[in-house]
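Good morning, everyone. Please look at the screen while I bring up the model. I will start with the rings, then turn to helices and cores.

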Amino acid sequence: MGDHAYPTPCTGLKFITRSRSGFRHLLTRELRKAKASRFSFSDLVAGCGIERAEADIVAEEFYGGYCQKVFSDGVVSEDERRTMDRLTTALEIPSEVASSVEGKARNAQYHRAVSSALGDGRISQDELEELESLRRSLGISRKESLALTEDMSRDAYVAEMRRLVRNGRFTPELRDDLARLKLALAISDADTPLFLAGHATDLYRECITMAIQDGVVTPEEHQMLKWLQAETGLSEPDVAPFWKEIRDAERREGYRNGDLPNVRTSKLLEGGETCHWDGPCVYRYETPKSEFRVDGELLITGKRVVFLSPTKSVSFPPSKILDLNLYSDCLEVKASSRQGTGHYFVTDPRELDAVLTGVVRKHKYLLSEDYSSSRTRHIPDEVKREVWDRDGGRCVRCSATDYLEFDHIIPHARGGANTVGNVQLLCRRCNNLKRDRI
């Protein structure tokens, strides 16, 4: 904008413009036809009859609009800087006010650029470089840039963290995506715990629940959990209950793979036998005419499965087991004969399932791989993610958020599938109370 763009003094006006919109229209018109050296903002204000305070607001808005155009490309040329200085003089805008107006226009442009880059929730390498270039050209420090986009940056960062957790695999590509996002938004490692406040435990709980569903915690999942703890700033006491779940799952997986526990027992064993289970049990079995429940004790060795009680005794080799169905409060055993077939109620049915599976694997490896209790654990990742979202990461019965499990509404043994419609989130307490499945 050169000298020709400024208006002549506006004396002798034949009308009075008192509203902001009317004065803005007049100011724009007069600035376009007059020269700066002959323009008097004070005379224009006096001739219009508008309050000076109102006129100053219009002047600042006018100047702010021009600044937005100047900052739109992130570069302020020497000509543009000279025009801005002449405008502040012509509009009688104090230097500190002009600086504030320019700052707001500059910040607004940067905010728009970040918002545009985050349109798809991610930052590409080109977008990162463009934002860095814009930030430097606008003279915005990294600390200032984070303050300007804090809410937007927090939402984007939390969403990216959730995407990482949902993926379940901390790949180099995902790690690079997160690093670019943090760099572009000026998020430091010290900022992340603050940004994740209120989300950290939920993210970690979701990651744990997804990882242990199939009973196998892979080295990659271990790495993911360790990284997530560091990124979220969760302390060791914060994650201790979750890691107990991991250790329990790993112990059971060891049992299934043949690394069975050696249990002390006072019961008489046959030569060469090793005891792997000895504890109280309620055995429920059926005859053609009735159903019976018997209190007793269950003994498992490498050679025998034995139920002992004063009124009922059962003994059969593990190789007779055709299928295992795991329920919240018991394990159903289907044997090749009526002897031993039934439901075994113990303190931890998952432990019993793991021990029996491990014992059978030593006799009939392939058969144990196809047990219902094994198949029901393998819920597809996309099903788990959709169920988690649908149930809000809470138990559908009591809304608890701790010790969550993916539960089959219709058990696998009854034809229930690993589908979204047949899977729900239950806490362990509610799952253990769910007795009507069998």
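**Rings, helices and cores**

One aromatic cluster is formed by Y283, Y285, F292, F307 and Y344. Before we go on, this is a predicted model, where local features need pLDDT of at least 70, side-chain atom pairs count only at pLDDT 80 or more, and totals for chains, interfaces and linings use all residues. Residues are numbered from 1 along each chain as its sequence is written, and side-chain values use heavy atoms, with hydrogens and water left out.

Let's stay with the rings. A pair of aromatic rings is described by the distance of the centres and the angle of the planes. Here, rings of Phe, Tyr and Trp (its six-membered ring) pair if their centres lie within 6.5 Å; planes under 30 degrees apart count as stacked, over 60 as edge-to-face and the rest as tilted. How many aromatic pairs does a search of the whole structure find? Seven. Take Y157 and F195: their centres are 6.4 Å apart, with 65° between the planes, so the pair is edge-to-face. Y157 sits in helix α8 and F195 in helix α10 (residues 192-195), 38 residues apart, so this pair links distant parts of the chain; helices (H or I, at least four residues) and strands (E, at least two) are DSSP runs, numbered from the N terminus.

Y157 is at 0%, so it counts as buried. F195 is at 4%, so F195 is buried too.

Now Y283 and F307. Their ring centres are 5.2 Å apart and their planes at 50°, so this pair is tilted. Y283 is in strand β1 (residues 275-286) and F307 in strand β3, so the pair ties together parts 24 residues apart in sequence. Y283 is buried, at 1% relative accessible area. F307 is buried as well, at 1%.

Next, helix α6. It covers residues 125-137, 13 residues in total. From first C-alpha to last it reaches 18 Å, close to the 18 Å expected at 1.5 Å a residue; the expected span is 1.5 Å times one less than the number of residues. Its buried residues are L128, L131, E132, L134 and R135. The face turned away carries the exposed residues D126, E130 and R136. The buried residues of α6 pack against α5 (95-117), α7 (142-148) and α9 (172-184), where contact means heavy atoms within 4.5 Å.

Last, the cores. A nonpolar core is a set of buried Ala, Val, Leu, Ile, Met, Phe, Trp, Tyr and Cys residues joined through side-chain atoms within 4.5 Å. The largest has 73 residues. F23, L27, F41, Y63, L91, M161 and Y204 touch the most other members. Helix α3 (residues 52-71) gives the largest share, nine residues. Not counting residues up to four places away in sequence, L91 touches L27, L31, F41, A59, F62 and Y63. Another core lies apart from it, with 26 residues, among them L260, Y344, V346 and L356.

Note on methods. Buried < 20%, exposed > 50% of the residue type's maximum accessible area, 1.4 Å probe, protein only.
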